[in-house]
Amino acid sequence: MRIILLGPPGCGKGTQAKMMVEKFGIPQISTGDILRGAVKEGSPMGKEAKKYMDGGLLVPDEVVVGIVRERLQNKDCASGFILDGFPRTLPQADALTEVLKELQLPLDRVLSLTVDNQALIERLSGRRTCRECGRGYHIKFDPPKKPDFCDACGGSLFQRDDDKEETIRERLTVYENQTAPLIAYYREAGILAVIDGMKKIPEVQKEIDRLLGGGLD
Ligand code: ADP
Ligand code: ADP
Ligand code: ZN
């Protein structure tokens, strides 16, 4: 099963990807997580990426395409993968098409999660992330049992620097301009499925299950 989760910041890609990892046993490839890892390590790539991420702008295509190209060659991708947050521009989508052709790993589905801007702002401003295991929470919609600590590993939760109001608005504009055109791109490719991301987390998950169960061999 080879899937792309497509949608604006805060639509629920990470949340759904983590549940799919558990259910289907295939890896989640989140370019955002990989880039944040590089920033934390302080590698040259991380230092370069941070300049863009802090402002809510996209990291240059060559950087993220390089990351994904390498990651997809890892053995664990042979049984499938979930791309979360990649591709985000038309050149990234074209590059991915090429890489997957070389590797002979055609995409099965692109799941496009739709959520309106008001809800996205509310989701992003209440998002919290576990410092240890990366699991996401929401202070209102998906709160941890013990405030500020992760249910899964007990790690402390933090708010991402780019989940502040001004940066959120910039990211939503960047999404409209640079990423939203990918919906038409994958519709034309005949593999797009649109999912109502406004529903509650378990309902969105059910919808994804239904789609994948029904449409894949
Ligand atoms: P969100 O889950 O809120 O959409 P991500 O964790 O996916 O955010 O991405 C955080 C930041 O990392 C983005 O704002 C961008 O700067 C950078 N980034 C992640 N994926 C990509 C990508 N495919 N292309 C360019 N930049 C990316
Ligand atoms: P993305 O990876 O697309 O940026 P996340 O999965 O990190 O989005 O979700 C953003 C925030 O919204 C998180 O705090 C998450 O707990 C919450 N969230 C995710 N899905 C839903 C949903 N269906 N309804 C309400 N809140 C949600
Ligand atoms: Zn944790």
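Guide: Start with pairing: two strands pair if DSSP finds at least two bridges between them. Helices (H or I, at least four residues) and strands (E, at least two) are DSSP runs, numbered from the N terminus. This is a predicted model, where local features need pLDDT of at least 70, side-chain atom pairs count only at pLDDT 80 or more, and totals for chains, interfaces and linings use all residues. Residues are numbered from 1 along each chain as its sequence is written, chains are lettered from A and ligands numbered from 1 in the order in which they are written, and side-chain values use heavy atoms, without hydrogens and water.

Visitor: How do you know that β2 and β3 pair?

Guide: Three bridges join β2 to strand β3 (residues 81–84), in the parallel sense. The criterion asks for at least two, so they count as a pair. Within β3, I82 stands opposite Q28.

Visitor: What makes β2 and β8 edge strands?

Guide: Look at the order of this open, five-stranded sheet: β2-β3-β1-β4-β8, paired in parallel. β2 (28–30) and β8 each have a single partner strand, so one side of each lacks a neighbour in the sheet. From one strand to the next, the twist averages 20 degrees.

Visitor: How do you know that β4 pairs with both β1 and β8?

Guide: Count the bridges. Strand β1 (residues 2–6) is joined to β4 by four, in the parallel sense. I4 has V110 of β4 as its bridge partner. Between β4 and strand β8 (residues 192–196) there are five, again parallel. Here V110 has L192 of β8 as its partner.

Visitor: Why is β4 called largely enclosed?

Guide: Buried means under 20% relative accessible area, exposed over 50%, and partly exposed in between (1.4 Å probe, protein chains only). Five of the six residues of β4 (residues 109–114) are buried, so the rest of the structure largely encloses this strand. Take S112, which is found in β4. Its relative accessible area is 2%, and S112 therefore counts as buried.

Visitor: What does S112 touch?

Guide: Contact means heavy atoms within 4.5 Å. Leaving out residues up to four places away in sequence, S112 touches L6, I183, L192, A193, V194 and I195. S112 and G197 lie 85 residues apart in sequence, with C-alpha atoms 8.6 Å apart.

Visitor: Why are α2 and α4 called roughly perpendicular?

Guide: Axes are lines fitted to C-alpha atoms, for helices over the stretch in contact, and angles run from 0 to 180 degrees between N-to-C directions. Angles under 35 degrees count as roughly parallel, over 145 as roughly antiparallel, 65 to 115 as roughly perpendicular and the rest as oblique. The axes of α2 (residues 31–41) and α4 (residues 61–72) cross at roughly 105 degrees and come within 11 Å. The two helices are therefore roughly perpendicular. Their contact brings T31, I34 and L35 of α2 to V64, I67 and V68 of α4.

Visitor: How do you know that the buried residues of α3 share one side?

Guide: In α3 (residues 44–54), the buried residues include G46, A49 and M53. The arc is that of the directions from the helix axis to the C-beta atoms. They cover only 70 degrees of it, which puts them on the same side of α3. P44, K47 and K51, on the other side, are exposed. What covers the buried residues of α3 includes α2.

Visitor: How do you know that the peptide bond from F86 to P87 is cis?

Guide: Its omega is near 0 degrees. P87 sits in the loop between β3 and α5 (90–103).

Visitor: What makes up the antiparallel sheet?

Guide: Three strands, in the order β6-β5-β7, form this open sheet. β6 and β7 each have a single partner strand, so both stand at the edges. Strand β5 (residues 127–130) and β6 share three bridges. R127 stands opposite H138 of β6. Helix α6 (residues 117–125) packs on the sheet, touches β5 and β6, and makes about 40 degrees with the direction of β5.
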